[in-house]
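Subject: Structure handover

Hi,

Here is the structure I promised to pass on. Please open it next to this email and follow along.

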Amino acid sequence: MAEYMKKEEVLKQIIESRKSVFPKSYSNEDIDENILAEILNSAKFAPNHKRTKPWRFKIFQGEDKKKLGEQLAQIYKRTTSPETFLEKKYVDISDKISKSNAIVTIVVNFSGLVPEWEEIAATAMAVQNMYLTSTAHNVGCYWSSPGMIQHLGDFLDLKENQKCIGLFYLGKIAE
């Protein structure tokens, strides 16, 4: 019984301390590959109707991460009118990317077997599992869903039944 209570308290503490931590609070340290793998692996335990496992995650690090940042900056520049374009926001896109150790694209793969909302919900639960696992390892993270993600389809080689619904930023928290 005591062990059960201990697990319950640990779980409660992780759930209650889960929060979004933004790249400005990340250190330059790399996240251990085993921890990163564990964070991504935790997603597969999310409930999903008819076992469609609708989430599709692609992790970007190093040079690939830099290319993603360049792509997002170009999308912002291309899709923003000159009157509303902000140089600071344009620069901030690349800055957030560079301060993150890894970025995971969050994509829903619509199977057609269940209502779309169920597959979006299952994907969100998979991301929540990643949030909780990140928290347990003291890894900062947050889910961003800027309008630019609507234009990432070609870059991510998405199929017609897939949609990018966010970017999951990850980084070791600076002391």
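K172 is partly exposed, because its relative accessible area is 26%. This is a predicted model, so please read every value below as computed from it. The side chain of K172 meets that of E29 in a salt bridge, at 3.6 Å from N to O. K172 sits in strand 4 (residues 162-172), while E29 sits in the loop between helix 1 and helix 2, so the pair ties together parts that are 143 residues apart in sequence. E29 is partly exposed too, at 46% relative accessibility.

How many salt bridges does the count come to? It comes to four.

Start with K12 and E16. Their closest N and O atoms are 3.4 Å apart, and they form a salt bridge. K12 is partly exposed, with a relative accessible area of 42%. Is E16 buried or exposed? E16 counts as exposed, because its relative accessibility is 58%, and the cut-off for exposed is over 50%.

Now go to D95 and K99. These two form a salt bridge as well, with the closest N and O atoms 3.3 Å apart. D95 counts as partly exposed at 31% relative accessibility. K99 counts as partly exposed at 33%.

Next, find N101. Where is it? N101 is in the loop between helix 4 (87-99) and strand 2 (102-109). N101 counts as buried, because its relative accessibility is 11% and buried means under 20%. The side chains of N101 and Q61 are joined by a polar contact of 3.5 Å. Leaving out residues up to four places away in sequence, N101 touches E29, D30, I31, F60, Q61, K65, L170 and G171. Note E29 among them: that residue is also the salt-bridge partner of K172.

Strand 2 itself holds I106. This residue is buried, with a relative accessible area of 0%. Which residues does I106 touch, not counting those up to four places away in sequence? They are R56, F57, T123, V127, W143, K163, C164, I165, G166, L167 and F168. For a sense of distance, pick I14. I106 and I14 are 92 residues apart in sequence, and their C-alpha atoms are 22 Å apart in space.

Last, a pair of helices. Two packed helices are described by the angle between their axes and the distance between the axes. Look at helix 2 (residues 33-42) and helix 5 (residues 116-136). Their axes come within 7 Å and cross at roughly 150°. The crossing of helix 2 and helix 5 is right-handed. Which residues meet there? From helix 2 come E38, I39, L40 and S42, and from helix 5 come N129, M130, T133 and S134. By class, this contact has three nonpolar, four polar and one charged residues.

To go through it yourself, begin with the salt bridge of K172 and E29. Finish with the crossing of helix 2 and helix 5.

Best wishes

Terms used:
Residues numbered from 1 in each chain as written. Predicted model: local features only at pLDDT ≥ 70, side-chain atom pairs only at ≥ 80, totals over all residues. Heavy atoms only, no water. Axes fitted to C-alpha atoms, helices over the stretch in contact; angles between N-to-C directions. Helix = DSSP H or I, 4+ residues; strand = E, 2+ residues; numbered from the N terminus. Left-handed = near helix turned anticlockwise from the far one by under 90°. Contact = heavy atoms within 4.5 Å. Nonpolar A, V, L, I, M, F, W, Y, C, P; charged D, E, K, R; others polar. Buried < 20%, exposed > 50% of the residue type's maximum accessible area, 1.4 Å probe, protein only. Polar contact = N/O pair within 3.5 Å; in protein donor to acceptor, adjacent residues only side chain to side chain.
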